[in-house]
Amino acid sequence: TDLRPLDILSEVVPAGGLARGMRVFQVQGVRGFQLAASRPRALGFPASRLFIHCDRFPEEFSIIVTLRVLGVPAKRNEYIFTLMAEESPSVLVGLRYAPDKLHFLFWSQERAGGWQTRVTFHNVSLSDNQWHTLVLAVSGQSFSLTVDCSVPKDLLVETPFPASLSVKRASFYLGNRRRRKGVFTGLLRQLVLLPGADATPRVCTAMNFKEAMLSVPTVLQDVPAKPASNEVLKYPYETDTKVTLGSRPPCTKQEKAQFWFNASRRGLYLCNGSAWISLLEVKQRLDYVEEYQSLVTNSETMGVEVFTIPKVGLFAATANRYTPPGSAIYKWTDGKFVPYQNIPTYQAQSWKYFTIGKKIFLAVANFEQNDRGQEFSVIYKWSRRKEKFITYQRIITHSARDWEAFVIEGEAFLAVVNHREGNNHNIDSVIYRWNPRTGLFETNQTIPTSGAYDWEFFTIGPYSFLAVANTFNGTSTKIYSHIYIWLSGSFQLFQSILTFGAADWEVFRIGDRVFLAVANSHSYDSGMPAPSNFYAINSSIYELNVTAQMFVKFQDLLTYSALDWEFFSVGDDSFLVVANSFDGFTFSVNSIIYRWQGYEGFVAAHHLPTVGCRDWEAFHTAEGSYLLYSSAKEPLSKVLKLKTT
């Protein structure tokens with residue numbers, strides 16, 4: 001049982017190439033050799049290359065074959081392999097296939113002059129254009145055939161396999177008996193002789209029994225679906241190309257190297273064995289937006305966070321105003337968000353999902369005190385055992401509006417926006433650093449803020465930035481918001497930008513250009529005459545000027561108490577959607593999707609009816625692209641589907 005497998009197929013293949021008369025084909029994601037009938041002798045080699053120390057064929061052995069048989073005409077036999085003496089037409093050992101039969105041939109020298117014996121296994125149906133693995137085990141008078149690791153067919157015959165069959169001056173021939181007639185027309189992937197053992201237990205351990213492998217030539221083994229950079233395939237192969245139409249078909253090892261044409265998206269895709277890779281695709285363009293789901297929430301929603309937990313699913317966490325019932329987490333199930341978990345919160349403003357190593361967290365910004373008069377915001381940790389978020393760390397905050405999580409030089413940070421303490425809006429917001437030893441967030445730096453609403457972290461090259469949206473200093477909303485840069489272990493002021501009740505920063509990139517958009521919510525100054533409309537004001541988009549090393553104004557857009565920007569892409573097109581919440585008269589205001597038009601900047605493309613719109617989130621599933629908006633004025637948020645052409 002310790003004897004090594006003798007790979008007959010690999011002996012025919014010269015190092016670094018193919019023998020003449022051999023071609024490689026790939027079918028159902030599996031490669032095999034196709035043999036040419038024109039040069040049968042080229043597909044042979046001396047038996048002495050396998051039987052180095054002994055010129056006798058083993059008395060007990062197994063033959064393992066993986067093959068794909070084409071339809072064989074009635075009364076025709078095709079040889080899988082033969083072992084023949086040099087000067088004799090007789091087959092010493094051979095395996096051939098006929099319709100619904102498999103014949104094992106051997107030369108019995110115990111009779112006068114020798115005699116060829118044939119052992120026939122009936123009802124062996126292989127002509128179904130599928131891959132099959134056969135294990136033929138031979139010991140004396142006992143012959144056993146196992147097909148695809150199913151129940152073996154056992155035969156006991158009168159003439160035993162010879163105990164001493166000489167292979168001196170004999171050669172193996174692949175797929176023929178040294179002549180053109182009877183050449184195997186299918187595909188061969190594996191042909192192994194295992195001396196002294198029944199190979200069935202060794203072979204029948206694979207998940208896919210039809211392709212079970214003991215030894216396969218290198219040229220037939222899997223290679224990456226796409227060569228790296230400009231690398232060419234070391235072993236070129238051909239494949240029976242099949243193009244599937246209609247909805248997305250499965251992509252498994254069986255469909256490997258097959259194509260799928262998606263008529264609706266006018267795209268051609270290649271299966272790499274696990275996923276469809278785009279080869280040719282007409283880029284999608286946003287046509288219109290339609291209402292997809294009305295999501296009833298616990299109460300008015302101040303913010304929403306969409307996130308994916310690996311191997312669990314897609315979720316949305318809503319920051320709801322009232323307790324009870326608190327805030328909710330929804331899971332995307334069968335194409336809709338459905339309630340998953342309720343968490344007690346206190347006038348929650350926003351959620352932030354983040355990970356540290358394998359740990360998964362969700363932090364809520366609470367605006368009000370709890371039932372005991374304590375004011376905490378809470379970090380929750382995902383429990384893989386319970387499949388729920390459980391309380392992990394409470395942090396004292398002051399009318400918290402937002403959390404931002406980020407990593408700098410391998411260290412994890414979490415920044416909270418403190419809006420006010422009592423009636424004082426000019427207070428510190430805090431940046432916490434993760435302590436891996438204690439497993440807790442600890443205060444790292446405080447930054448003075450004024451009625452702040454939002455943090456936005458971003459990187460440009462090797463530099464890290466943190467922008468704060470300052471909203472109100474106690475007398476005016478016309479105040480500076482600040483951008484900080486990380487230098488020497490802390491954030492230092494980089495640039496100040498005049499804003500008007502800033503509620504949100506959104507950083508985004510288009511090509512190699514970096515933009516920063518601010519959502520201005522209202523214009524109020526106690527020392528100035530009241531404007532005709534506090535809420536109809538410009539929100540601004542700034543672009544990084546690398547030469548000046550600062551953000552400069554790129555475009556103003558008229559907004560109505562804007563509270564959020566969300567950037568997203570469809571195909572090659574870029575979009576910004578604004579959360580317009582109030583126009584001075586009504587909360588029923590259109591929020592607008594702007595399309596990037598290059599030199600023109602952002603141009604209004606779609607007007608979306610919303611009620612007290614507070615937050616936008618863009619997300620994608622296998623079924624398409626969506627926008628989710630939260631309403632701060634009614635317990636109803638909406639999922640909108642982006643319809644494309």
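Trainee: How many bridges join strand 6 to strand 11?
Mentor: Strand 6 (residues 60–68) and strand 11 run antiparallel and are joined by 9 bridges. Two strands count as paired if DSSP finds at least two bridges between them. Strands are DSSP runs of E, at least two residues, and helices are runs of H or I, at least four residues, each numbered from the N terminus. This is a predicted model, where local features need pLDDT of at least 70, side-chain atom pairs count only at pLDDT 80 or more, and totals for chains, interfaces and linings use all residues. Residues are numbered from 1 along each chain as its sequence is written, and side-chain values use heavy atoms, leaving out hydrogens and water.

Trainee: Which residue stands opposite phenylalanine 61?
Mentor: Valine 138 in strand 11.

Trainee: And how many residues of strand 11 are buried?
Mentor: Strand 11 (residues 131–139) has 8 of its 9 residues buried. Buried means under 20% relative accessible area, exposed over 50%, and partly exposed in between, with a 1.4 Å probe and protein chains only.

Trainee: What about strand 12?
Mentor: Strand 12 (residues 142–147) pairs with strand 11 over 6 bridges, again antiparallel. Leucine 145 in strand 12 faces leucine 136. In their hairpin, 2 residues lie between the strands, and glycine 140 has a positive phi near 60°.

Trainee: New topic. Where is leucine 18?
Mentor: In the loop between helix 1 (8–12) and strand 2 (22–27).

Trainee: Why is leucine 18 called partly exposed?
Mentor: Because its relative accessible area is 33%.

Trainee: What does leucine 18 touch?
Mentor: Leaving aside residues up to four places away in sequence, leucine 18 touches Val13, Arg23, Val24, Phe33 and Val219. Contact means heavy atoms within 4.5 Å. Valine 219 is 201 residues from leucine 18 in sequence, with 8.4 Å from C-alpha to C-alpha.
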